[in-house]
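Here's a quick briefing on aromatic pairs and the nonpolar core. Have the viewer open while you read.

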Amino acid sequence: MSVVLACIWFFILGTAMGSFFNVLIDRLPEGRDIVSTRSSCENCGTKLKWIDLIPVFSFVFLRGKCRYCGAKLSPWYLISELIVGALYAFSFLLYSLDANALRPFSHLVIWSLLFIVAVMDQKTGMIMDLFSILIAVFSIGFGLLEKRPILEILLGGAVGAAFFGILYLGARLILKKEGMGLGDVILLGAIGFGLPWVQVIVTGFLTAYVAILFIVIRAIAGRSVGMKTEIPLGPSICISAFIMTICGSSIVGFLSHLLFR
């Protein structure tokens with residue numbers, strides 16, 4: 001029963017964090033205040049009360065509408081809170097038997113930052129350097145606390161930046177345009193600090209497959225897809241990194257078996 005209660009607690013914590021992440025995602029790209037300014041309805045501008053801001057509950061209780069003007073709210077607010085809640089609960093279940101108490105905390109921090117970057121890039125087409133820096137700082141810090149060799153940590157970051165950096169420069173020199181944003185290069189470099197260099201390379205290749213999946217989904221949904229269609233790469237990088245944090249060693253082992261058997 002204690003495991004179930006703990007899992008529920010982590011889920012509730014995750015929904016609350018998901019609600020806060022939405023505030024960051026909505027306000028930071030526009031330079032709006034995230035501390036003193038109260039949330040308000042995007043349609044009527046009415047300042048929302050605490051009862052309107054309870055994660056998951058408020059959306060369901062209000063049936064996805066503003067209490068004051070009846071305007072429909074984006075279902076993304078509910079979906080994102082449930083996703084982050086599920087991530088937090090999953091982290092507890094994944095590491096509940098792990099003797100290293102730091103691991104679930106470190107993963108929650110990195111996963112949270114990856115979530116913010118992915119959603120922000122999808123919505124705005126922008127990766128804020130602030131979050132890439134935070135990912136790098138926390139990855140290095142957690143790596144040192146787990147007694148990873150500093151050269152191994154730095155090598156992962158260098159490989160990550162070089163992997164996309166070469167593609168970035170190649171596109172600029174050959175195609176005379178950006179094949180990806182410089183923010184993508186910085187992001188993979190930041191993520192690389194938290195992974196062994198081999199896993200960083202796999203993350204780069206996996207990003208391409210995740211991006212292709214997004215394109216296929218976009219086509220199935222009936223949205224236009226062409227050579228000039230710009231697809232944010234941040235979500236694909238973050239999803240790939242998330243996968244590698246969970247089962248990176250298994251994936252590398254499987255690929256090694258296929259290539260060198």
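**Aromatic rings and the core**

Phe 21 is buried, at a relative accessible area of 4% (buried is under 20%, exposed over 50%, partly exposed in between, with a 1.4 Å probe and protein chains only). Keep in mind that this is a predicted model: local features need pLDDT of at least 70, side-chain atom pairs count only at pLDDT 80 or more, and totals for chains, interfaces and linings use all residues. Residues are numbered from 1 along each chain as its sequence is written, and side-chain values use heavy atoms, leaving out hydrogens and water.

**Around Phe 21**
- Phe 21 pairs with Phe 115 in a tilted arrangement, 6.2 Å centre to centre with 40° between the planes (rings of Phe, Tyr and Trp, the last by its six-membered ring, pair if their centres lie within 6.5 Å; planes under 30 degrees apart are stacked, over 60 edge-to-face, the rest tilted).
- Phe 21 sits in helix H1 and Phe 115 in helix H4, so this pair ties together parts 94 residues apart in sequence (helices are DSSP runs of H or I, at least four residues, numbered from the N terminus).
- Phe 20, by contrast, is partly exposed at 38%.
- One aromatic cluster takes in Phe 20, Phe 21, Trp 76 and Phe 115.

**Nonpolar core**
- The largest nonpolar core has 47 residues (buried Ala, Val, Leu, Ile, Met, Phe, Trp, Tyr and Cys joined through side-chain atoms within 4.5 Å).
- H4 gives this core its largest share, 12 residues.
- Ile 191 touches Leu 114, Ile 135, Ile 237 and Ala 241, leaving aside residues up to four places away in sequence (contact means heavy atoms within 4.5 Å).

Methods. Helices (H or I, at least four residues) and strands (E, at least two) are DSSP runs, numbered from the N terminus.
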